[in-house]
Amino acid sequence: FLYFEQGCQKPILSTTQKQSEYVFEWFEPSTGRWTKSEHITSTNRGILKFPDFPDGESISKKDWALKLKLIKN
């Protein structure tokens, strides 16, 4: 689980499983609702580049929470 406050930049994780699929499940704390689910694959070096926040921004305009789960390696 990750939490991003307003004004955060999207991160890059560099210690994930190599060439593995992850699901990103976004949660909007202000509404108490899960809003978007995305599948992302890490690189062959284990780098996982985050997509934009669910509102389409690379810098969060509000708080977001994220559940990140490995689903296939």
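Of the 73 residues in the protein, 27% are buried, where buried means under 20% relative accessible area, exposed over 50%, and partly exposed in between (1.4 Å probe, protein chains only). The model is a predicted one, in which local features need pLDDT of at least 70 and side-chain atom pairs count only at pLDDT 80 or more, while totals for chains, interfaces and linings use all residues. Residues are numbered from 1 along each chain as its sequence is written, and side-chain values use heavy atoms, with hydrogens and water left out.

The protein contains 0 helices and 6 strands, in the order β-β-β-β-β-β along the sequence. These elements are DSSP runs numbered from the N terminus, with helices (H or I) of at least four residues and strands (E) of at least two.

The radius of gyration, taken over C-alpha atoms, is compared with a globule rule of 2.2 Å times the number of residues to the power 0.38. For 73 residues a compact globule would have a value near 11 Å, and the 12 Å of the protein agrees with this. Along the principal axes, the C-alpha atoms fill a box of roughly 35 × 20 × 20 Å. Among contacts (heavy atoms within 4.5 Å) between residues at least 6 apart in sequence, 68% join residues at least 24 apart. The accessible surface comes to about 4900 Å², of which 46% belongs to carbon and sulfur atoms; these areas come from the Shrake-Rupley method with a 1.4 Å probe, and for residues only the protein chains shown count as cover.

Side chains of opposite charge can pair when their charged atoms come close. A salt bridge is defined as a side-chain nitrogen of Lys or Arg within 4 Å of a carboxyl oxygen of Asp or Glu, and the count by this rule is 5.

One of these joins Glu-28 to Lys-62, with the closest N and O atoms 2.5 Å apart. Because Glu-28 lies in strand S3 (residues 21-28) and Lys-62 in the loop between strand S5 (48-49) and strand S6 (64-72), the pair ties together parts that are 34 residues apart in sequence. Glu-28 is buried at 12% relative accessibility, whereas Lys-62 is partly exposed at 31%.

Another salt bridge links Lys-36 and Glu-38, whose closest N and O atoms are 4.0 Å apart. Here Lys-36 is partly exposed at 36% relative accessibility, and Glu-38 is buried at 16%. Glu-57 and Lys-61 also form a salt bridge, at 3.8 Å between the closest N and O atoms; Glu-57 is partly exposed at 30% and Lys-61 is exposed at 53%.
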